[in-house]
Amino acid sequence: MSKIKGPGIFLAQFLRDDPPYDNLENIGKWAANSGYKAVQIPTWDSRVIDLDKAAESKAYCDDLQAGLADMGLQISELSAHLQGQVLAMHPAYEIAFQPFFPEGLKSKERTDWATDRLQKVVSASAKLGLKSIPVLSGGFAWHMVYPWPQRPEGLVEEAFKELHKRWKPILDQAADSGIAVSYELHPGSDLYDGATYEMFLDVSQNHPAACLLYDPSHFVLQQLDYLEFIRLYGSRIKSFHVKDAEFRPTGRVGVYGGYQSWSQRAGRFRSLGDGQVDFKRVFTLLTEAGFQGWAVLEWECCVKSPEQGAREGAAFIVDHLIDVADVAFDDFAGGQSDVQRNRKILGLY
């Protein structure tokens, strides 16, 4: 069994315009001083990466890695969550998601822009020697998640055909580069649970690059068995967000949240250790599944500060990493293999 690497930290939620969170050098030093060994870089934020340069220049990528190495850091992955969401976007979300893409782009222009950015993330990841790209799938049918009004026959199938059509060139390029496209199953996207992921695998003919980012917090909020999920799809999990959550329904709010703020919802993201996720089992099952990537903190908490969440998160992840045994606990009682002895034990004289 392999050992999970860690701790890593996803920088997206920590970036701000004030030091030490305002550029890669400053936030890198902060992350290293907080106990982290790797950073997951959001490729839409020019404060931490020039994606165009990274896609074209091996020298730029080498310098990027060298600068982080001087701080004791590696790059776990390049995240392309937002570009993935833009790639397949229902028009109803155009205004709400506008900060995710250049203003003024419409329909096909927007899709072409997202395709270009995602392909550049693949190119940059290859130059950096990375093996997984965390993304959101985007989607066309999320607003139909509840079957009322009744969905016309073939509607969802058509959505998944188009979703695959848009992702196929990126998946093909990633496969050619030995890189996984790791979908974070997330509300608001058409890939949000095991069933929808299987639908995508079916339409993509089990594309080898169509893999998963595992984040148990979203499954807690959906009331999905996040441990059984690892047993079902462990071989496809190539990235891991360590994020906690709790689900405490009342007579007033449940899974849907009642349009309430995060602090008032039944399902809330929490800092590590403050929620309900059984991370001892999560780390055990991922280890048994052969996961070899980074355990990356994604901090989203409506109670605790990001500074405290990050500080506590590094130690939390370290405490859950498993040093995989290379000997059996009962080796002391064993003996040399002997066919005749084994036959005698079995009564086969």
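Let's start with the largest pocket: its lining divides into 22 nonpolar, twelve polar and five charged residues. On the classes, Ala, Val, Leu, Ile, Met, Phe, Trp, Tyr, Cys and Pro count as nonpolar, Asp, Glu, Lys and Arg as charged, and the others, Gly among them, as polar.

A word on the model. It is predicted, so local features need pLDDT of at least 70 and side-chain atom pairs count only at pLDDT 80 or more, while totals for chains, interfaces and linings use all residues. Residues are numbered from 1 along each chain as its sequence is written, and side-chain values use heavy atoms, with hydrogens and water left out.

Back to that pocket. Its volume is about 1300 Å³. The lining has 39 residues. Nearest the centre are Trp142, Pro187, Gly188, Trp262 and Arg265. Which elements give two or more residues to this lining? They are helix H4 (81–87), helix H8 (216–222) and strand E9 (267–270). Helices here are DSSP runs of H or I with at least four residues, strands are runs of E with at least two, and both are numbered from the N terminus.

How is a pocket defined? The search uses a 1 Å grid over the protein atoms alone; a pocket is an open set of points where a 1.4 Å probe fits, with protein on both sides within 12 Å along at least five of seven lines. Lining residues have an atom within 4 Å of a point. Points are joined across faces, edges and corners, and the volume is the space filled by probe spheres set on them.

Next, the second largest pocket. It holds about 530 Å³ of space. Of its 28 lining residues, Lys5, Lys131, Lys238, Gln292 and Gly293 are the closest to the centre. Helix H3 (58–69), strand E3 (74–79) and strand E7 each supply at least two lining residues. Which element gives the largest share? That is E3, with four residues. By class, this lining has 13 nonpolar, eleven polar and four charged residues.

Now helix H11, residues 306–320. It has 15 residues and reaches 21 Å from first C-alpha to last. That is close to the 21 Å expected, where the expected span is 1.5 Å times one less than the number of residues. H11 also bends, by about 25° at glycine 313. The bend is the angle between axes fitted to the seven residues ending there and the seven starting there.

Which residues of H11 are buried? Pro306, Gly309, Ala310, Gly313, Ala314, Phe316, Ile317 and His320. Buried means under 20% relative accessible area, exposed means over 50%, and partly exposed is in between, with a 1.4 Å probe and protein chains only. An α-helix has 3.6 residues a turn, so residues three or four places apart point the same way. The buried residues of H11 pack against strand E1 (5–10), helix H1 (24–33), strand E7 (237–242), helix H10 (279–288) and strand E10 (294–297). Contact means heavy atoms within 4.5 Å.

On to the backbone. There is a cis peptide bond between glycine 6 and proline 7, with omega about 0°. Leaving aside neighbours within four places in sequence, glycine 6 contacts Lys37, Trp294, Ala295 and Leu321. Another cis bond joins proline 19 and proline 20, with omega about 5°. Proline 20 sits in the loop between E1 and H1.

Then positive phi. Serine 107 has a phi of about 40° although it is not a glycine. This serine 107 is found in helix H5 (residues 107–128). Is serine 107 buried or exposed? Exposed, because its relative accessibility is 51%. Glutamine 205 has a positive phi of about 55°, and it is not a glycine either. Glutamine 205 lies in the loop between helix H7 (194–203) and strand E6 (210–214). At 71% relative accessibility, glutamine 205 counts as exposed.

Last, the loop between E8 and E9. Tyrosine 256 is found in it. With a relative accessible area of 65%, tyrosine 256 is exposed. Not counting residues up to four places away in sequence, tyrosine 256 touches Tyr146 and Arg265. Glycine 258 is in the loop between strand E8 (244–247) and E9 as well. Glycine 258 counts as partly exposed because its relative accessibility is 41%.
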